[in-house]
Amino acid sequence: MELQCEHLTNPLGIDAGAPRFSWRLEDVRSGAKQTAYKLVVGIDSSLVSQGKGGHWQSGKIPSNTQLVTYSGVPLQPFTKYFWRLEVWDKDRKPSTSSVASFETGLMNSGNWKGNWISDINDVTLKPAPYFRKPFEITKKIKSARAYIAAGGLYELYLNGQKIGSHRLDPMYTRYDRRTLYVTYDVTPQLQSGQNAIGVLLGNGWYNHQSATAGWYFDKAPWRARPAFCLDLRITYVDGTIETISSGKDWKTALSPIVFNSIYTSEHYDGRLEQSGWNTVSFTDSSWKPAIDRSAPSTNIVAQSLYPIRLVEAIATRSMTKINDTTFVYDLGRNIAGISQFRAKGPSGMTFRLKHGERLYANGRVDLSNIDVYYRPVDNTAPFQTDVFILRGEGEETFTPHFNYKGFQYVEVTSSQPVELTKESLVGYFMHSDVPPIGQVSSSNPTLNKIWWATNNTYLSNLFGYPTDCPQREKNGWTGDAHITIETGLYNFDAITIYEKWLADHRDEQQPNGVLPAIIPTSGWGTTGLTALTGQVPLPSFPGMYTCSMATKKSCLIIMIT
């Protein structure tokens with residue numbers, strides 16, 4: 001049997017006081033059905049395996065339902081629970097599942113011990129900040145969990161090792177109304193004696209710097225320098241608990257990521273690297289103290305959904321050398337994601353990696369179909385173009401941290417002649433890592449290819465919320481998402497993404513029932529709704545549809561020309 005809690009398998013850090021249990025039977029017989037179920041929940045796995053649950057025993061319930069809400073002893077934060085399912089089939093014969101688990105997180109914002117911290121810089125400063133804190137462990141560890149919330153994006157490190165395979169955490173929300181935190185099991189990364197924890201922060205949609213675009217993300221009411229709050233909760237074998245928390249005793253410095261924008265690109269200067277910045281041996285005497293910051297919102301809740309990951313590596317299909325400083329890479333398929341680039345050369349040698357979906361007749365990358373809404377504030381951040389400056393020490397690798405793009409082709413230009421190979425660049429298909437659950441196969445190869453292409457398009461627009469495109473907008477247009485939802489749910493286990501997105505709807509809805517056309521939004525779609533009343537000016541672009549006037553029952557759609 002396939003068991004899930006809150007639509008996830010053995011989840012960590014859930015906030016639901018009454019979590020939902022669901023399951024899928026493995027019975028391929030004709031007329032197969034469930035006639036009854038029984039759930040047992042407790043904190044002792046051995047007792048639960050024997051059918052003895054100290055927190056909830058549902059008893060045998062005659063029902064074919066496969067989605068049941070917990071109804072037992074109130075759950076406590078920071079606690080691992082175990083559960084077992086017994087079901088009766090069409091012949092009234094019982095079968096028993098293996099033991100599954102779920103672990104609660106903070107469950108209440110009052111349980112945070114850490115302070116929200118940032119550096120002293122303001123929203124106009126472009127380099128991404130590092131943060132670090134050394135600490136000592138003197139007792140034997142039983143388990144350890146890291147809980148981290150952020151305004152913006154983050155990467156978490158312990159003793160030099162990046163924690164988890166997630167990308168672009170936490171997911172985009174209306175930051176001033178709901179902020180997400182993520183839980184990690186970090187037991188294996190801790191060591192007896194000295195340890196070091198590090199955090200790298202990116203802008204995401206929280207601090208939009210690169211352009212005004214068309215949707216006023218740079219004027220978002222929450223906009224600020226990225227910040228985070230972290231609790232590292234360590235449970236020792238002797239039963240005691242210690243929490244290492246974010247605060248003014250952390251130190252901060254600027255990183256080699258000299259520019260990062262979720263909307264367009266990332267720039268990395270290898271000459272600014274501080275090797276070992278997230279390890280115990282690093283000397284941080286020149287770093288500055290972090291500062292306390294207010295939380296983006298008072299509503300800090302668990303991120304309970306499938307994360308964004310680098311799901312598939314895609315080797316370059318062909319490389320065309322235009323001249324000694326210009327090379328065009330073709331992945332052979334259009335994806336959302338990033339490219340990883342390797343090169344060697346002298347310190348200061350600069351590479352520009354322009355990502356696009358089509359080529360000009362001369363073989364160069366053409367962005368004219370995807371940069372139509374890009375309104376840069378200056379000429380330092382060309383659209384979908386990463387910048388990589390070499391440190392000058394052997395072969396170096398550049399992988400963007402806080403960005404993704406829509407592309408098939410990458411045009412690499414260097415500041416001086418260079419030798420590159422087809423293997424110098426690899427693409428990574430990146431999206432919310434939702435498990436596939438549907439399959440279409442026919443005798444018609446064209447139909448099979450259409451199904452495959454449809455799924456790739458859908459996944460290329462799934463980044464913690466459904467988007468309209470992975471390059472020129474990355475917006476959560478509600479119409480696009482409505483059209484594709486059946487495709488998504490027939491083919492993928494994406495319910496956690498849509499539950500998060502429905503929460504985004506609740507965050508955005510106005511007291512009179514009005515919803516913006518983009519969700520999440522910095523306010524653009526909501527202000528547009530009142531345009532006909534003359535209260536708020538409506539941004540407009542030729543050919544753009546928008547909702548201009550709404551009530552709880554109707555909405556007038558106009559086309560601006």
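Colleague: How many bridges join S10 to strand S18, and in which sense do they run?

Modeller: Bear in mind that this is a predicted model. Strand S18 covers residues 251–254, and Tyr-130 stands opposite Ala-253 there. The two strands run antiparallel, and the number of bridges joining them is 4.

Colleague: What is the bridge partner of Phe-131 in S15?

Modeller: S15 takes in residues 193–202, and S10 pairs with S15 in the antiparallel sense over 8 bridges. Within S15, Phe-131 has as its bridge partner Val-199.

Colleague: Over to helix H2. Which residues of H2 are buried, and why do they sit on the same side?

Modeller: The buried set is Trp-451, Asn-455, Asn-456, Tyr-458 and Leu-459. They share one side of H2 because the arc they cover around the axis is only 160 degrees. Pro-445, Thr-446 and Lys-449 are exposed on the other side. What covers the buried ones includes strands S26 and S33, plus helices H3 and H4. So the buried names are Trp-451, Asn-455, Asn-456, Tyr-458 and Leu-459, and the reason is that arc of only 160 degrees.

Colleague: At the start of H2, which residue's side-chain oxygen reaches the backbone nitrogen of Thr-446?

Modeller: H2 runs over residues 445–459. The oxygen comes to within 2.9 Å of that nitrogen, and it belongs to the side chain of Asn-444.

Methods: Residues are numbered from 1 along each chain as its sequence is written. This is a predicted model: local features need pLDDT of at least 70, side-chain atom pairs count only at pLDDT 80 or more; totals for chains, interfaces and linings use all residues. Side-chain values use heavy atoms; hydrogens and water are left out. The expected span of a helix is 1.5 Å times one less than its number of residues. Buried means under 20% relative accessible area, exposed over 50%, partly exposed in between (1.4 Å probe, protein chains only). The arc is that of the directions from the helix axis to the C-beta atoms. Contact means heavy atoms within 4.5 Å. A polar contact is a pair of N or O atoms within 3.5 Å; within protein, one must be able to donate a hydrogen and the other to accept it, and residues adjacent in sequence count only if both atoms are side-chain atoms. Two strands pair if DSSP finds at least two bridges between them.
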